[in-house]
Amino acid sequence: MNRIVIIGNSGSGKTTMGARLAREYAIPHLDLDSFAWERPAVRRPLQESIAMIRDFVRANPEWIVEGCYAGLAENILPFATELRFLNPGIEACVRNCRARPFERHKYASMEEQNARLDFLLSWVRDYAVREDEYALAAHRRLFDAFSGLKREYTDPSGDTSE
């Protein structure tokens with residue numbers, strides 16, 4: 001039974017790893033962005049996102065869930081068999097963000113995505129000093145508290161293979 005949660009900074013490789021594992025195991029892959037946001041820059045109410053997560057878990061006996069939202073991940077961890085923490089370092093995340101392909105599920109155009117890149121890179125660089133649910137400290141707390149199988153990936157080359 002595979003119910004894997006992947007957390008980490010933006011650009012750490014969560015979506016890449018999640019998609020690869022979903023293909024490998026032939027199970028659903030959920031990017032928490034799809035439940036966290038109503039539209040760009042407008043967050044869903046937390047309880048609505050949590051209800052969507054619970055519906056997803058009830059509908060799927062196995063899954064891969066990934067995102068940077070400690071508040072949402074915390075609500076799915078009781079159902080998880082494994083937690084993966086991608087922590088390759090800030091500069092690896094910045095490189096990955098710069099190389100990111102067009103994310104059509106998030107942006108109307110590549111121009112819109114590129115227009116937000118400077119903000120994203122600044123936000124990524126603040127990972128270790130922020131005190132929000134997207135921060136290193138929040139991810140570390142989740143990882144340290146999880147009692148099941150867990151792995152931390154720190155390879156700065158971006159290699160998230162096993």
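Q: Ala26 lies in the loop between H1 and S2. Why is Ala26 called exposed?

A: Its relative accessibility is 69%. Exposed means over 50% relative accessible area, buried under 20%, partly exposed in between (1.4 Å probe, protein chains only). At 69%, Ala26 therefore counts as exposed. The model is predicted, local features need pLDDT of at least 70, and side-chain atom pairs count only at pLDDT 80 or more, while totals for chains, interfaces and linings use all residues. Numbering starts from 1 along each chain as its sequence is written, and side-chain values use heavy atoms, without hydrogens or water.

Q: Why are the buried residues of H1 said to line one face?

A: Lys14, Met17, Gly18, Leu21 and Ala22 are buried. Seen down the axis, they fall within an arc of 130 degrees, so they line one face of H1. The arc is that of the directions from the helix axis to the C-beta atoms. Thr16 and Arg23 are exposed on the other side of H1. The cover over the buried residues of H1 includes S1, S2, S5, S6 and S7.

Q: How do you know that H3 has a buried face?

A: Ser49, Ile50, Ile53, Phe56 and Val57 are its buried residues. They fall within an arc of 120 degrees, so they line one face of H3. Gln47, Arg58 and Ala59 are exposed on the face turned away. S2, H2, S5 and H4 are among the elements that cover the buried residues of H3.

Q: What makes Ser10 buried?

A: Its relative accessible area is 10%, so Ser10 counts as buried. Ser10 sits in the loop between S1 and H1. Leaving aside neighbours within four places in sequence, Ser10 is in contact (heavy atoms within 4.5 Å) with Cys93, Cys97, Arg100, Leu120, Trp123 and Val124.

Note on methods:
Helix = DSSP H or I, 4+ residues; strand = E, 2+ residues; numbered from the N terminus.
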